[in-house]
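Hi there,

Here is the structure I promised to pass on. Have a look at it first, and my notes on its salt bridges follow below.

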Amino acid sequence: VLLVGRSVFGLAAADGAVRELEARGIGLRLRPVEAGTGDTEDLILPIVGAAVIFDLAHGDPSLRPRPEDGARAVAAALDEPHRRPERGDSGVGSGAWTGGIVGPRRKGGIGHASLLTQRPAGRLVVAATVVVNAAGRVRAGGRAAIPGPVPEFDRIVDARGQTTLGVVAANAVRTKAQLGQVAAMAHDGRARSIRPVHSGVDGDAI
């Protein structure tokens with residue numbers, strides 16, 4: 001899964017990630033149908049899910065992720081020692097801001113958390129990564145029942161669009177329907193921490 005900035009231009013990094021995975025033989029193996037009886041090599045189809053945040057309104061719009069950036073990201077994930085990724089104003093989070101329709105404007109970024117539990121069937125790991133580039137205001141702590149700030153409606157007209165992306169990952173096998181339920185619960189968590197959430201200028205995905 002690739003999370004990247006600079007809107008559609010950032011998707012160039014996905015091409016580099018796909019090519020690097022193909023070169024390493026990682027992906028869905030597909031045997032082509034060939035006439036005759038000769039052996040044919042499997043095709044490698046790397047499946048890279050990519051999502052972008054809209055952050056072109058901030059910084060230099062000519063600075064964009066390139067295919068080699070995606071390839072380097074794959075190499076770092078597979079070859080370098082395992083460590084927690086950087087948080088805050090890093091990577092895809094470097095162009096993120098919050099408060100597009102409510103004040104004050106504040107720097108957004110990327111964050112992550114994980115939970116490890118021991119179960120009879122083995123160890124369960126659940127992790128989440130979120131890129132916060134929200135039009136609403138981020139709230140910390142509890143008190144979720146308190147209403148959030150009223151949007152400044154004149155700012156909605158001028159808003160250029162913002163995006164909050166999330167990935168929930170686990171080492172558990174689940175059906176597509178079960179994964180959809182997990183995503184729905186994750187959206188509930190987002191509603192507790194961003195006010196207002198899922199506005200007309202937010203392109204949100206989990």
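Which residue forms a salt bridge with arginine 66, the closest N and O atoms being 3.6 Å apart? Aspartate 69 does; a salt bridge here is a side-chain nitrogen of Lys or Arg within 4 Å of a carboxyl oxygen of Asp or Glu. Salt bridges that share partners link Arg66, Glu68, Asp69 and Arg72 into one network.

Before going further, please note that this is a predicted model, in which local features need pLDDT of at least 70, side-chain atom pairs count only at pLDDT 80 or more, and totals for chains, interfaces and linings use all residues. Residues are numbered from 1 along each chain as its sequence is written, and side-chain values use heavy atoms, with hydrogens and water left out.

Arginine 66 is partly exposed at 42% relative accessibility (buried means under 20% relative accessible area, exposed over 50%, and partly exposed in between, with a 1.4 Å probe and protein chains only). Glutamate 68 is partly exposed too, at 36%, and aspartate 69 counts as partly exposed at 25%.

Another pair is in helix H1, residues 12–23 (helices are DSSP runs of H or I, at least four residues, numbered from the N terminus). There, the side chains of arginine 19 and aspartate 15 form a salt bridge, 3.1 Å from N to O. The two are four residues apart, so about one helical turn separates them. Arginine 19 is exposed at 54%, while aspartate 15 is partly exposed at 35%.

In total, the structure holds nine salt bridges.

Best wishes
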